Amino acid sequence: MKIGRLLLGLFLPPLGVFLTVGVGPTLLINILLTLLGWLPGSIHAVWVIAKHQELNEQGRSY
């Protein structure tokens with residue numbers, strides 16, 4: 001599932017972030033970055049997805 005979210009984060013950044021953390025400030029930041037350009041949105045999405053996975057493995061929430 002993580003690979004699928006990473007691919008969505010790369011190609012459709014807001015959708016990848018939404019599926020990872022849901023609706024919240026992180027999603028709004030990603031939408032704004034994506035409106036500024038595809039690359040900033042994609043970088044942010046991949047970072048959010050990777051960080052969320054790392055925190056889940058440590059037993060903490062995002």
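Mentor: The radius of gyration is taken over C-alpha atoms, and the globule rule is 2.2 Å times the number of residues to the power 0.38. For 62 residues, that rule puts a compact globule near 11 Å; the protein has 11 Å, so the two agree. This is a predicted model: local features need pLDDT of at least 70, side-chain atom pairs count only at pLDDT 80 or more, and totals for chains, interfaces and linings use all residues. Residues are numbered from 1 along each chain as its sequence is written, and side-chain values use heavy atoms, with hydrogens and water left out.

The protein has four helices and zero strands. Helices (H or I, at least four residues) and strands (E, at least two) are DSSP runs, numbered from the N terminus. The C-alpha atoms fill a box of roughly 35 × 20 × 15 Å along the principal axes. Of the 62 residues, 32% count as buried. Buried means under 20% relative accessible area, exposed over 50%, and partly exposed in between (1.4 Å probe, protein chains only).

Now take helix α2, residues 13-21. P13, G16, V17 and T20 are its buried residues. They cover an arc of only 95° around the axis, so they lie on the same side of α2. That arc is drawn from the directions from the helix axis to the C-beta atoms. The buried residues pack against α1 (2-11), α3 (25-36) and α4 (38-58). Just after α2, G22 takes a positive phi of about 80°.

Look at the α1 side. The axes of α1 and α2 come within 5 Å and cross at roughly 145°. Axes here are lines fitted to C-alpha atoms, for helices over the stretch in contact, with angles from 0 to 180 degrees between N-to-C directions. From α1, R5, L8, G9, L10 and F11 meet P13, L15, G16, L19 and T20 of α2. Contact means heavy atoms within 4.5 Å. The residues of this contact divide into six nonpolar, three polar and one charged. Ala, Val, Leu, Ile, Met, Phe, Trp, Tyr, Cys and Pro count as nonpolar, Asp, Glu, Lys and Arg as charged, and the others, Gly among them, as polar.

Now turn to α3, where N30 is found. N30 is buried, with a relative accessible area of 0%. Leaving aside neighbours within four places in sequence, N30 is in contact with P13, P14, V17, G41, H44 and A45. A polar atom of the N30 side chain lies 3.0 Å from the backbone oxygen of G41.

Conventions:
A polar contact is a pair of N or O atoms within 3.5 Å; within protein, one must be able to donate a hydrogen and the other to accept it, and residues adjacent in sequence count only if both atoms are side-chain atoms.
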